Amino acid sequence: MKPRLIHPREITLYRIVALDRDVFGDPVDKGIVETGKILEGQVSYASYDRVNLPGGGDDPQGAGHVLFYTSDWEEAGGMKGDELVLSPSDSRLVVIEVRPCGHYYGVAYFQKVIFARKSASVKGAARQ
(Lines give C-alpha, C1' and ligand atoms only; values in the text may rest on other atoms or scores of the structure.)
Protein backbone atom coordinates (compact mmCIF):
# COMPACT_ATOMS: atom_id res chain seq x y z
CA MET A 1 0.00 0.00 0.00
CA LYS A 2 1.37 3.38 -1.00
CA PRO A 3 1.07 6.15 1.65
CA ARG A 4 -0.81 9.29 0.67
CA LEU A 5 -0.13 13.00 1.07
CA ILE A 6 -2.43 15.05 3.30
CA HIS A 7 -3.84 18.16 1.59
CA PRO A 8 -1.43 18.04 -1.41
CA ARG A 9 -0.61 21.30 -3.22
CA GLU A 10 0.93 22.05 -6.59
CA ILE A 11 4.56 23.09 -6.18
CA THR A 12 6.81 24.16 -9.05
CA LEU A 13 10.45 23.09 -8.85
CA TYR A 14 13.00 25.34 -10.57
CA ARG A 15 16.37 23.67 -10.94
CA ILE A 16 19.47 25.77 -10.21
CA VAL A 17 22.39 24.88 -12.42
CA ALA A 18 26.01 25.78 -11.82
CA LEU A 19 27.44 27.53 -14.88
CA ASP A 20 30.97 27.52 -13.48
CA ARG A 21 32.80 25.89 -10.56
CA ASP A 22 35.84 27.00 -8.59
CA VAL A 23 38.96 24.96 -7.75
CA PHE A 24 37.14 23.13 -4.94
CA GLY A 25 34.12 22.21 -7.10
CA ASP A 26 31.76 24.70 -5.50
CA PRO A 27 29.36 26.59 -7.82
CA VAL A 28 30.45 30.14 -8.67
CA ASP A 29 27.71 31.33 -11.04
CA LYS A 30 24.21 29.91 -10.93
CA GLY A 31 21.36 30.09 -13.40
CA ILE A 32 17.71 29.12 -13.08
CA VAL A 33 16.30 26.55 -15.46
CA GLU A 34 13.39 28.41 -17.05
CA THR A 35 10.96 25.49 -17.35
CA GLY A 36 9.77 24.48 -13.93
CA LYS A 37 8.43 21.04 -13.12
CA ILE A 38 5.12 20.83 -11.30
CA LEU A 39 5.09 18.38 -8.40
CA GLU A 40 2.51 17.48 -5.79
CA GLY A 41 3.61 17.96 -2.18
CA GLN A 42 2.47 18.33 1.42
CA VAL A 43 3.62 21.63 2.98
CA SER A 44 4.30 22.08 6.69
CA TYR A 45 5.62 25.31 8.21
CA ALA A 46 8.02 25.20 11.18
CA SER A 47 7.38 28.85 11.96
CA TYR A 48 4.67 31.03 10.54
CA ASP A 49 4.99 34.73 11.39
CA ARG A 50 6.44 34.01 14.82
CA VAL A 51 9.77 33.30 16.44
CA ASN A 52 10.78 29.75 17.39
CA LEU A 53 13.64 29.02 19.74
CA PRO A 54 16.35 26.98 18.01
CA GLY A 55 16.80 23.37 19.07
CA GLY A 56 20.00 21.43 19.42
CA GLY A 57 21.51 18.77 17.21
CA ASP A 58 21.58 18.56 13.44
CA ASP A 59 18.19 20.17 12.86
CA PRO A 60 18.49 22.73 10.01
CA GLN A 61 17.03 26.19 10.64
CA GLY A 62 14.41 26.08 7.92
CA ALA A 63 11.04 27.77 7.64
CA GLY A 64 9.36 24.40 7.11
CA HIS A 65 9.36 21.35 4.90
CA VAL A 66 7.55 19.75 1.99
CA LEU A 67 6.95 16.03 1.58
CA PHE A 68 7.27 14.76 -1.98
CA TYR A 69 6.96 11.23 -3.27
CA THR A 70 10.50 9.92 -3.78
CA SER A 71 9.72 8.82 -7.34
CA ASP A 72 8.44 12.31 -8.29
CA TRP A 73 11.38 14.11 -6.62
CA GLU A 74 14.01 11.90 -8.28
CA GLU A 75 12.30 12.13 -11.68
CA ALA A 76 12.34 15.95 -11.43
CA GLY A 77 16.02 15.86 -10.41
CA GLY A 78 15.55 18.07 -7.35
CA MET A 79 18.48 18.80 -5.04
CA LYS A 80 19.81 21.20 -2.41
CA GLY A 81 19.89 24.81 -3.64
CA ASP A 82 16.91 24.48 -6.02
CA GLU A 83 13.94 26.81 -5.75
CA LEU A 84 10.29 25.99 -5.12
CA VAL A 85 7.24 28.13 -5.86
CA LEU A 86 4.05 27.30 -3.95
CA SER A 87 0.76 27.60 -5.75
CA PRO A 88 -1.47 29.67 -5.49
CA SER A 89 0.47 32.02 -3.17
CA ASP A 90 3.58 32.24 -5.42
CA SER A 91 5.80 32.01 -2.33
CA ARG A 92 9.44 31.56 -3.30
CA LEU A 93 11.43 29.01 -1.29
CA VAL A 94 14.95 27.61 -1.50
CA VAL A 95 15.80 23.99 -0.66
CA ILE A 96 18.36 23.75 2.16
CA GLU A 97 18.26 20.00 2.82
CA VAL A 98 16.69 16.80 1.49
CA ARG A 99 16.11 13.77 3.72
CA PRO A 100 14.48 10.41 2.92
CA CYS A 101 11.52 9.56 5.18
CA GLY A 102 8.34 7.50 5.31
CA HIS A 103 10.11 4.16 5.25
CA TYR A 104 7.95 1.09 4.64
CA TYR A 105 9.59 -2.31 4.22
CA GLY A 106 13.01 -0.71 3.72
CA VAL A 107 11.90 1.75 1.01
CA ALA A 108 11.67 5.54 1.52
CA TYR A 109 8.36 6.57 -0.05
CA PHE A 110 8.84 10.28 0.71
CA GLN A 111 11.56 12.92 0.54
CA LYS A 112 11.43 15.57 3.27
CA VAL A 113 12.56 18.78 1.55
CA ILE A 114 13.47 21.43 4.13
CA PHE A 115 13.19 25.00 2.84
CA ALA A 116 13.97 28.61 3.72
CA ARG A 117 11.95 31.57 2.47
CA LYS A 118 13.01 33.96 -0.29
CA SER A 119 11.55 37.42 -0.86
CA ALA A 120 11.46 37.88 -4.65
CA SER A 121 9.69 35.86 -7.30
CA VAL A 122 11.45 33.59 -9.79
CA LYS A 123 8.76 33.81 -12.44
CA GLY A 124 10.30 34.93 -15.71
CA ALA A 125 13.61 35.78 -14.05
CA ALA A 126 16.93 34.21 -14.98
CA ARG A 127 20.17 34.99 -13.23
CA GLN A 128 23.45 34.83 -15.10
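Predicted model: local features only at pLDDT ≥ 70, side-chain atom pairs only at ≥ 80, totals over all residues.
Student: Which strands close into a barrel, and in what order?

Tutor: Six strands do so, in the order 1-4-5-8-7-6, with antiparallel pairing. From one strand to the next, the twist averages 45°.

Student: How many bridges join strand 5 to strand 4, and how many join strand 5 to strand 8?

Tutor: Strand 4 and strand 5 run antiparallel and are joined by five bridges; in this pairing Tyr45 stands opposite Gly64, and Val43 stands opposite Val66. Strand 5 and strand 8 are also antiparallel, here over six bridges, and Tyr69 has Phe110 as its bridge partner in strand 8.

Student: How should I read the two faces of a strand, and which residues of strand 5 point which way?

Tutor: The general idea is that in a regular strand the side chains alternate between the two faces of the sheet. In strand 5, Gly64, Val66 and Phe68 point one way, while His65, Leu67 and Tyr69 point the other way.

Student: Are the residues of strand 5 buried or exposed?

Tutor: A residue counts as buried when its relative accessible area is under 20%. Six of the six residues of strand 5 are buried, so strand 5 is largely enclosed by the rest of the structure. For the protein as a whole, 34% of the 128 residues count as buried.

Student: Which residues of the largest nonpolar core touch the most other members?

Tutor: In soluble globular proteins, nonpolar side chains tend to be buried together. Here the largest nonpolar core has 15 residues, and those that touch the most other members are Ile11, Val66, Phe68, Trp73 and Leu84. Several elements each supply at least two residues of this core, among them strand 1 (9-14), strand 5 (64-69), helix 1 (70-76) and strand 6 (83-86). There is also a second, separate core of five residues, which includes Leu5, Leu67, Tyr69 and Phe110.

Student: Taking one member as an example, what does Leu84 touch?

Tutor: If we do not count residues up to four places away in sequence, Leu84 touches, among others, Ile11, Leu13, Val66, Phe68, Trp73, Leu93, Val95 and Val113.

Student: What share of the contacts in the protein with a separation of 6 or more comes from residues 24 or more positions apart?

Tutor: Such residues account for 62% of those contacts. A case to find in the model is Gly77 in the loop between helix 1 and strand 6: Gly77 and Arg15 are 62 residues apart in sequence, yet their C-alpha atoms are 7.8 Å apart in space. Leaving aside neighbours within four places in sequence, Gly77 is in contact with Arg15 and Asp82. With a relative accessible area of 22%, Gly77 counts as partly exposed.

Student: Let me turn to the backbone angles: which peptide bond is cis, and where is Pro88 found?

Tutor: Most residues other than glycine have a negative phi, and most peptide bonds are trans. In this model the peptide bond from Ser87 to Pro88 is cis, with omega near 5°, and Pro88 is found in the loop between strand 6 and strand 7.

Student: And what are the phi values of Asp90 and Tyr105?

Tutor: Neither residue is a glycine, yet phi of Asp90 is near 60° and phi of Tyr105 is about 55°, and both values are positive. Asp90 is found in the loop between strand 6 and strand 7, where it is partly exposed at 37% relative accessibility. Tyr105 lies in the loop between strand 7 and strand 8 and is exposed, with a relative accessible area of 88%.

Terms used: Residues numbered from 1 in each chain as written. Heavy atoms only, no water. Core = buried A, V, L, I, M, F, W, Y, C linked by side-chain atoms within 4.5 Å. Buried < 20%, exposed > 50% of the residue type's maximum accessible area, 1.4 Å probe, protein only. Helix = DSSP H or I, 4+ residues; strand = E, 2+ residues; numbered from the N terminus. Contact = heavy atoms within 4.5 Å. Pairing = 2+ DSSP bridges. Axes fitted to C-alpha atoms, helices over the stretch in contact; angles between N-to-C directions.
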